[in-house]
Amino acid sequence: MQYLSPTTVDDAVRLLSSQTGDCKVLAGGTDLLVRMRSGFAEPDSILDIKRIDELRRIAHDDGGWRVGAAVSGAEMGEHADLVADWPGVVEAVNLIGSTQIQGRATMAGNLCNASPAADSVPAMIAAGAVARIAGPDGIRDIAVTDVPTGPGKTCLKPGEFITSIWLPSRPDRSGDAYLRFIPRTEMDIAVVGCAVALTLDAGGTCTAARVSLGAVAPTAILVDAAADTLIGTTVDDTALDALARACSDAAKPIADKRGTVEFRVHVAGVLAKRAAIIAKTRAGGAP
Amino acid sequence: MSKIHVTTTINGDPVEYLCDAEDTLLDVLRDHLGLTGSKEGCGTGDCGACSVTVDGRLVCACLMLGAEAAGHEIGTIEGMAKGDQLHPLQQKFIEHAALQCGICTPGILVAAKSLLDHNPDPSEEETRYWLAGNLCRCTGYDKIIRAVLDAAKDMREAS
């Protein structure tokens with residue numbers, strides 16, 4: 001195996017396109033090295049993107065935040081301004097694994113690993129995040145919602161890799177939140193995850209919302225019908241009940257050792273309600 | 001395949017080594033450099049027995065390639081005591097009997113030191129969450145938590 005560590009995006013693209021064998025992009029490595037060890041991945045080369053300076057930055061961009069693909073979860077959690085704007089996204093990222101994992105794992109890597117239960121993905125989808133992808137044909141931006149195409153599969157074409165995730169500018173009186181159900185208090189994989197991002201007007205009426213569910217379909221899903229139950233309401237009990245029903249209706253999970261279909265369908269609604277209440281409070285609405 | 005030449009810093013000392021691309025940092029520490037304090041429990045980042053710091057940040061040495069260490073500052077359990085002088089955490093682990101078989105101990109000490117470097121006055125809950133990635137099958141954790149909190153108290157009073 002060969003280890004490649006380019007220092008610019010252009011060099012990375014060139015190296016990635018010129019590899020004849022299987023070349024895997026290495027960001028935090030907390031999924032890739034585990035897959036290599038267990039024999040699920042046997043790359044001919046590894047392209048480490050952590051030596052590319054611009055991929056290590058969290059920077060203001062177009063009113064929002066651009067989080068480089070090599071930024072660790074711990075670095076996101078320590079960035080007070082990012083946390084103030086997108087607390088739900090950062091809390092979702094910070095739920096992944098242990099302190100040790102947080103020291104390496106990246107949000108872009110969580111997206112590319114394409115687990116249906118990835119914690120950060122519903123939060124990014126609710127936030128309206130956009131992935132920037134570099135490849136032989138140049139740079140393209142694509143909604144995070146469209147990146148995973150199935151368990152372990154993404155829309156990335158050969159020679160492409162994600163360089164950053166952009167989180168939009170957060171309007172006034174907005175808030176987001178992510179909750180997951182796991183049978184323990186930490187260090188586990190989501191049985192169901194739910195993210196809500198919403199905006200209120202001065203009177204406390206919801207003017208915009210995005211709701212996303214994880215671990216209840218082959219990919220994390222954006223649930224427009226759930227968002228519609230919140231928009232135009234004050235996110236009161238009636239709206240929250242409708243939100244829960246819409247999320248349960250949208251959940252199409254499998255049954256496995258971590259949860260039955262019935263349980264996951266029910267919990268999707270419960271988590272949506274709770275996440276919406278947190279998002280509303282963060283947006284400055286009456287609790 | 002030619003070996004990769006890596007120049008790095010380990011416990012404050014400049015170190016050079018040759019490794020294969022697939023060698024993890026843990027392989028390098030244990031098999032090439034004889035620093036066997038870091039243990040391999042799972043090899044998949046679940047147990048924390050191989051905890052080290054990279055530029056002051058706690059990571060699992062099994063989830064990082066040896067080649068990735070180039071130019072960074074690595075801290076291992078071997079750098080914790082100063083000669084014969086144990087670190088207060090090490091001393092408290094002995095006093096509280098916070099270990100039995102000892103396999104998890106180096107990783108837990110490195111992780112606990114990293115906690116106290118970040119937060120000299122952690123609550124019990126913060127300590128338990130910080131150490132959630134370090135598994136111990138002997139102690140039941142209570143003695144470990146007590147030792148860490150006691151060491152933190154002494155270190156605050158000493159500073």
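User: What makes chain B a chain of domains, and which residues belong to domain 1 and domain 2?

Analyst: In this predicted model, the domain assignment of chain B gives domain 1 as residues 4-79 and domain 2 as residues 88-158. The bounds come from an automatic or database domain assignment, so it is this assignment that makes them domains here. The C-alpha centres of domain 1 of chain B and domain 2 of chain B are 21 Å apart.

User: How do you know which residues take part in the contact between domain 1 of chain B and domain 2 of chain B?

Analyst: Two residues count as in contact if their C-beta atoms, placed from the backbone, lie within 7 Å. The contact then takes 14 residues from domain 1 of chain B and twelve residues from domain 2 of chain B. On the domain 1 side, strand E3 (residues 51-54) of chain B gives the most, with three residues, and by class that side has six nonpolar, seven polar and one charged residues.

User: What makes up the side of chain B that touches chain A?

Analyst: The contact between the chains takes 23 residues from chain B and 20 residues from chain A. Strand E4 (57-60) and helix H4 (124-130) of chain B each supply at least two residues of the chain B side, and E4(B) gives the most, with four residues. The residues of this side divide into 13 nonpolar, seven polar and three charged.

User: Why are strand E1 (2-4) and strand E2 (23-26) of chain A said to stand at the edges?

Analyst: The open sheet of three strands in chain A has the order E1-E3-E2, with parallel pairing. E1(A) and E2(A) each have a single partner strand, so one side of each is left without a neighbour in the sheet, and they stand at its edges. From one strand to the next, the twist averages 20°.

User: How do you know that E1(A) and strand E3 (residues 45-48) of chain A pair?

Analyst: Pairing requires at least two bridges between the strands, and E1(A) and E3(A) pair in the parallel sense over three bridges; therefore they meet the condition. Gln2(A) stands opposite Ser45(A) in E3(A).

User: Which element gives the largest share of the side of domain 1 of chain A that touches domain 2 of chain A?

Analyst: Chain A is divided into domain 1 (57-167) and domain 2 (175-282), and 25 residues of domain 1 are in contact with 25 residues of domain 2. The largest share of the domain 1 side, six residues, comes from H8(A), and the residues of that side divide into 16 nonpolar, seven polar and two charged.

Definitions and conventions:
Residues are numbered from 1 along each chain as its sequence is written. Chains are lettered from A and ligands numbered from 1 in the order in which they are written. This is a predicted model: local features need pLDDT of at least 70, side-chain atom pairs count only at pLDDT 80 or more; totals for chains, interfaces and linings use all residues. Ala, Val, Leu, Ile, Met, Phe, Trp, Tyr, Cys and Pro count as nonpolar, Asp, Glu, Lys and Arg as charged, and the others, Gly among them, as polar. Axes are lines fitted to C-alpha atoms, for helices over the stretch in contact, and angles run from 0 to 180 degrees between N-to-C directions.
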